[in-house]
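Dear colleague,

Please find below the structure that I am handing over to you, followed by an account of what was found in it.

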Amino acid sequence: MASCGLDRLLDRRSGTALSQDPADLMFLYRSVRKRAVRRAIEFGSGQSTLFIAQALHDNGAGHLWSLDAD
């Protein structure tokens, strides 16, 4: 994660946010990159939102819709 520079995304977590397994976040990031996703819809925003957004950015373009009750 550090070699990709993604470890900095974990530092942005809110103090009230639940932590996620870094391996799950990396899997999500790599899946979006590998599949060249251009559009994503996420239900419940949090750390995963940052990883999806970063993957879309690294793909060159994309759009993320993130829905949350808060």
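Glu42 is part of strand E1, which spans residues 39-43; helices (H or I, at least four residues) and strands (E, at least two) are DSSP runs, numbered from the N terminus. Please note that this is a predicted model, in which local features need pLDDT of at least 70, side-chain atom pairs count only at pLDDT 80 or more, and totals for chains, interfaces and linings use all residues. Residues are numbered from 1 along each chain as its sequence is written, and side-chain values use heavy atoms, with hydrogens and water left out.

Glu42 counts as buried because its relative accessibility is 8%; buried means under 20% relative accessible area, exposed over 50%, and partly exposed in between (1.4 Å probe, protein chains only). The side chain of Glu42 makes a polar contact of 3.2 Å with that of Ser66. A polar contact is a pair of N or O atoms within 3.5 Å; within protein, one must be able to donate a hydrogen and the other to accept it, and residues adjacent in sequence count only if both atoms are side-chain atoms. Leaving aside residues up to four places away in sequence, Glu42 touches Ser48, Thr49, Ile52, Leu64, Trp65, Ser66 and Leu67, where contact means heavy atoms within 4.5 Å.

**The chain as a whole**

The protein chain contains three helices and two strands, arranged along the sequence in the pattern α-α-β-α-β. Of its 70 residues, 27% count as buried. Among contacts between residues at least 6 apart in sequence, 49% join residues at least 24 apart.

**Packing of H2 against H3**

Helix H2 (residues 22-34) packs on helix H3 (residues 47-59) at an angle of about 30 degrees, and their axes are 9 Å apart. H2 is therefore roughly parallel to H3. Axes are lines fitted to C-alpha atoms, for helices over the stretch in contact, and angles run from 0 to 180 degrees between N-to-C directions; those under 35 degrees count as roughly parallel, over 145 as roughly antiparallel, 65 to 115 as roughly perpendicular and the rest as oblique.

On the H2 side, the contact is made by Leu25, Leu28, Tyr29, Val32 and Arg33; their partners in H3 include Phe51, Ile52, Ala55, Leu56 and Asn59. The residues of this contact comprise eight nonpolar, four polar and two charged (Ala, Val, Leu, Ile, Met, Phe, Trp, Tyr, Cys and Pro count as nonpolar, Asp, Glu, Lys and Arg as charged, and the others, Gly among them, as polar).

Leu56, in helix H3, is buried, with a relative accessible area of 4%. Its C-alpha atom lies 8.8 Å from that of Tyr29, 27 residues away in sequence. Beyond residues up to four places away, Leu56 touches Val32, Val37, Arg38, Ala61, Gly62, His63 and Leu64.

Asn59 also belongs to H3, and its side chain forms a polar contact of 2.7 Å with that of Arg33. With the same exclusion of sequence neighbours, Asn59 touches residues including Val32, Ala36 and Val37.

Val37 sits in the loop between H2 and E1 and counts as partly exposed, at 23% relative accessibility.

Yours sincerely
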